[in-house]
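Work through the exercises below with the sequence and the model side by side. Each task is followed by a solution that goes step by step.

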Amino acid sequence: MFSLQTALSQFRLFPISYKVALSIATVAIISFLLFQIPIVGWAFREGMNFEAWRKYLVFSVISALVPNLILVLLIVRIISRPLQRITLAAVEVTKGKYGTEIEMRDSNDEIGLLADSFNEMSRKMASDIEQLKNLNEQLIRTEKLAAMGTLAAGVAHEVNNPLASISSLIQMMQSNSNIDERTKENLKLISTQIQRISQVTKDMMDFARVRPAAQNLINVNLIIETSLRLASFDKSFQRLEIIKSFKADLPQIFADSDQLQQVFLNLFLNSRDAMPNGGELSIKTYLENDFIQIEIAR
């Protein structure tokens, strides 16, 4: 499709072939005016004889060398030097120096367009490679986190076994009617802390377990609470003051609990990074126009 921008671009583009033709014509005209006319006048001032023609031909050939040298210099300036710069820049890029740019004056011909395109390509290559490096670093961190999650799940599983034995012993001691009230209170406190540890290890194992995506009816508030418990293991996150406002009778939603938990955990960790010196993190759930609204704000 024809457009004004395309027409203007074509008008601004001055091809090399035109420049070379214009250079040749300019040099020819200047050479004719500066050399050929004076040579004709000087050679044939005594008439058109053999000696006059010999003088004319000899000095015409000699005088033609000067404009030809000028013409060669012009062509080298127009074509050879810019191409050499582009070649050197391309070699630098092949050596791994991405982002290398060609420094040359603005030109409205094919070489200028090629240089601009090369610079843009080189900048984009440098940007893309930097992004690839960042993605690779993120992938390595993700793999490490996945390995740590698997290891943590294994440790949590091993911790659960002695916890179950300790819990059973506590229950047996609590059933003894001969213990005093102080001992009962201490046993109750120990049992409460064991349940807390068991809940933490359960959350860790559930989070680390690899399962296929499966959507079920879930309670959003419970998912947020679980994500908060996982985030609370981080010391930096513990600096934040969590302000919760959960609507108690929210309807259940049909979603994948693991994926939703991962989303909330990422949001909480991003909030931690945004407030390295601590601060308030407000988490609110409510119902509006039959839609569940979740607000996480600083």
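**Exercise 1. Find the helix that holds Ser-191, decide whether this residue is buried or exposed, and list its contacts.**

Ser-191 belongs to helix α5, which covers residues 181-208; helices here are DSSP runs of H or I with at least four residues, strands are runs of E with at least two, and both are numbered from the N terminus. The relative accessibility of Ser-191 is 16%, so the residue counts as buried, given that buried means under 20% relative accessible area, exposed over 50% and partly exposed in between, with a 1.4 Å probe and protein chains only. Once neighbours within four places in sequence are set aside, Ser-191 is in contact (heavy atoms within 4.5 Å) with Ile-170 and Gln-174.

This is a predicted model, in which local features need pLDDT of at least 70 and side-chain atom pairs count only at pLDDT 80 or more, while totals for chains, interfaces and linings use all residues. Residues are numbered from 1 along each chain as its sequence is written, and side-chain values use heavy atoms, with hydrogens and water left out.

**Exercise 2. Describe the largest nonpolar core and name the elements that give two or more residues to it.**

A nonpolar core is a set of buried Ala, Val, Leu, Ile, Met, Phe, Trp, Tyr and Cys residues joined through side-chain atoms within 4.5 Å. The largest one has 16 residues, and those touching the most other members are Ile-224, Leu-228, Phe-237, Phe-264, Phe-268, Leu-281 and Ile-283. Two or more residues come from each of α6 (220-231), α8 (257-274) and β4 (279-288), and α6 gives the most, with six. A second, separate core has seven residues, among them Ile-86, Val-93, Ile-102 and Ala-115.

**Exercise 3. Characterise the aromatic pair of Phe-237 and Phe-268.**

Rings of Phe, Tyr and Trp (its six-membered ring) pair if their centres lie within 6.5 Å, with planes under 30 degrees apart counted as stacked, over 60 as edge-to-face and the rest as tilted. This rule gives one aromatic pair. Phe-237 and Phe-268 lie 6.3 Å apart, centre to centre, with 45 degrees between the planes, and the pair is tilted. The partners come from distant parts of the chain, 31 residues apart, with Phe-237 in helix α7 (residues 235-238) and Phe-268 in helix α8. Phe-237 counts as buried because its relative accessibility is 4%, and Phe-268 counts as buried because its value is 0%. Not counting residues up to four places away in sequence, Phe-237 also touches residues including Leu-228, Ile-242, Arg-272 and Leu-281.
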